[in-house]
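Dear colleague,

Please find the structure below, handed over for your further work.

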Amino acid sequence: MPESVVITKAVYLASAVRTDQYPEERRPEVAFIGRSNVGKSSLINSLTRTRQLARVSSKPGKTQTINFYELLLRIDGGETRYPVHLVDLPGYGYAKTSRDKRKVWAKFIEEYFIRSAHLRFVCLLLDIRHTPMPSDQRMFSWLVAHDIPVLVIATKVDKIGRNARRAQIAEIRRALGVPELTVLPYAAPKHEGRSDLLDVMKEYLVE
């Protein structure tokens with residue numbers, strides 16, 4: 001069965017730490033954020049099916065700027081290509097990054113969230129193998145408090161068994177305080193969860 005959403009183009013646009021460095025032509029945006037080493041770059045490369053679009057590194061804290069990518073979406077086999085922006089945000093919670101640098105990151109991430117009129121929703125990535133940490137809980141609560149739609153994605157689900165997966169998703173819901181929270185499981189190496197994420201992007205980004 002053909003996918004309802006096909007990404008026909010995925011290219012890097014710009015890196016920014018200030019609003020005047022954002023791309024001049026703005027599109028509907030989906031932003032990705034999570035703790036350092038949560039598998040964000042691997043997920044972005046899996047989603048776009050573009051190797052090394054986002055740089056994958058074994059060293060946490062690699063992403064230090066807001067990185068903008070432009071995607072073209074084809075919907076339900078139609079001819080129209082819908083341009084959208086994927087926004088890759090620096091990981092939080094990396095202890096070996098200096099306190100001053102973490103403050104700078106927090107400032108320009110918050111500025112982006114508050115000032116971007118084009119942001120449609122945020123993907124908050126959590127490693128399914130671990131209980132959400134206080135920094136994860138704070139990020140989730142902050143997004144909810146600012147009325148920013150948030151999709152929680154449990155990454156690295158290929159690392160654990162099916163029973164453990166169900167138990168960990170329940171633990172994520174408990175830790176975030178939302179028993180009925182939708183949590184999207186994702187395994188980047190197998191592209192598991194990709195179609196579900198594309199469907200959410202279609203709902204929020206295509207007007």
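In which strand is H85 found? The model is a predicted one, and in it H85 belongs to strand β4. The residue is buried, its relative accessible area being 0%. Apart from neighbours within four places in sequence, the contacts of H85 are L13, P23, E25, R26, R27, P28, E29, V30, Y69 and E70.

The sheet

Strand β4 is part of an open sheet of 7 strands, whose order is β1-β3-β4-β2-β5-β6-β7 and whose pairing is mixed. At the edges stand β1 (5-16) and β7 (183-185), each of which pairs on one side only. From one strand to the next, the twist averages 25 degrees.

The pairing of β1 with β3 (residues 66-75) is antiparallel and extends over 10 bridges. Within it, A16 is placed opposite I66 of β3.

Two helices that pack on the sheet may be of interest to you. Helix α4 (residues 162-176) touches β5 (119-127), β6 (150-155) and β7, and its direction makes about 150 degrees with that of β7. Helix α5 (residues 194-205) is in touch with β1, β2 (29-34), β3, β4 (81-88), β5, β6 and β7. The direction of α5 makes about 155 degrees with that of β5.

The aromatic pairs

A pair of aromatic rings is described by the distance of the centres and the angle of the planes. The count in this model comes to 7 aromatic pairs. One of them joins Y22 and Y112: the ring centres are 6.1 Å apart and the planes stand at 80 degrees, so the pair is edge-to-face. Because Y22 lies in the loop between β1 and β2 while Y112 lies in helix α2 (residues 99-115), this pair ties together parts that are 90 residues apart in sequence. Y22 and Y112 are both buried.

Another pair is that of F113 and W142, which is tilted, with 5.7 Å from centre to centre and 40 degrees between the planes. It also links distant parts of the chain, F113 being in helix α2 and W142 in helix α3 (residues 134-145), 29 residues apart. F113 has a relative accessibility of 5% and therefore counts as buried, the cut-off being under 20%.

Finally, ring pairs link Y22, F68, Y112, F113 and W142 into a cluster.

With kind regards

Conventions
Residues numbered from 1 in each chain as written. Predicted model: local features only at pLDDT ≥ 70, side-chain atom pairs only at ≥ 80, totals over all residues. Heavy atoms only, no water. Pairing = 2+ DSSP bridges. Helix = DSSP H or I, 4+ residues; strand = E, 2+ residues; numbered from the N terminus. Axes fitted to C-alpha atoms, helices over the stretch in contact; angles between N-to-C directions. Contact = heavy atoms within 4.5 Å. Buried < 20%, exposed > 50% of the residue type's maximum accessible area, 1.4 Å probe, protein only. Phe/Tyr/Trp six-rings, centres within 6.5 Å; stacked < 30°, edge-to-face > 60°.
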